[in-house]
Amino acid sequence: MVYNSKTAEKTAELLLQIKAIKLNPSIPFLWASGWKSPIYCDNRIILSFPAIRNYIKEEFSKQIEAIYGKPDVIAGVATGAIGIGMLVAEELGLPFVYVRPEPKKHGRKNQVEGFLQKGQTVVVVEDLISTGNSSLQAVEA
């Protein structure tokens, strides 16, 4: 991963500005991973702020191209990364799919929604990572 301290600092500033980061040391937040933490970052709030979501979209896109070149498809992990992943796919002019934690129980029983062909290169976008388990499950799917 290409680390850019300027991007990291600006992103943290923006997240604090829109109150996406919450602190509650006395009653820790329960994360989807099962971890408890005094800090919670709700990155979905980014989608409600056009200037900030555009900044995030552009920075994600730059990082993806710098690290992976141009993939065939961008995949967002449901549900938190669907919006951000779609913005990145649009910025890069690429197709988009999203990945559910497990296949649906009805309809076509898809786990991956959208058009994806075997052998395509895919970059998986996440909104937040603790253990990395949901990202690994998305890659496996």
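Buried means under 20% relative accessible area, exposed over 50%, and partly exposed in between, using a 1.4 Å probe and protein chains only. By that scale, every residue of strand E5 (residues 73-77) is buried: five of five. This is a predicted model, in which local features need pLDDT of at least 70, side-chain atom pairs count only at pLDDT 80 or more, and totals for chains, interfaces and linings use all residues. Residues are numbered from 1 along each chain as its sequence is written, and side-chain values use heavy atoms, with hydrogens and water left out.

**Confidence**
- pLDDT is the predictor's confidence in each residue, from 0 to 100.
- The protein chain has a mean pLDDT of 91, and 98% of its residues reach 70 or more.
- Where pLDDT is low, the predicted coordinates should not be read in detail.

- Helices (H or I, at least four residues) and strands (E, at least two) are DSSP runs, numbered from the N terminus.
- Val73, Ala75 and Val77 point one way from E5, while Ile74 and Gly76 point the other way. All of these residues are buried.
- Two strands pair if DSSP finds at least two bridges between them.
- E5 runs parallel to strand E8 (residues 122-125), with four bridges joining them.
- E5 also pairs with strand E6 (residues 96-99), again in the parallel sense and over four bridges.
- Gly76 stands opposite Val125 in E8, and its bridge partner in E6 is Tyr98.

**Aromatic pairs**
- Rings of Phe, Tyr and Trp (its six-membered ring) pair if their centres lie within 6.5 Å; planes under 30 degrees apart count as stacked, over 60 as edge-to-face and the rest as tilted.
- The whole structure holds two aromatic pairs.
- Phe29 and Tyr40 have ring centres 5.5 Å apart and planes at 35°, so this pair is tilted.
- Phe29 belongs to strand E2 (residues 29-30) and Tyr40 to strand E4 (residues 39-41), so the pair ties together parts eleven residues apart in sequence.
- Phe29 is partly exposed at 23% relative accessibility, as is Tyr40 at 26%.
- Trp31 and Trp35 have ring centres 6.0 Å apart and planes at 25°, so they are stacked.
- Trp35 is partly exposed, with 43% relative accessibility.
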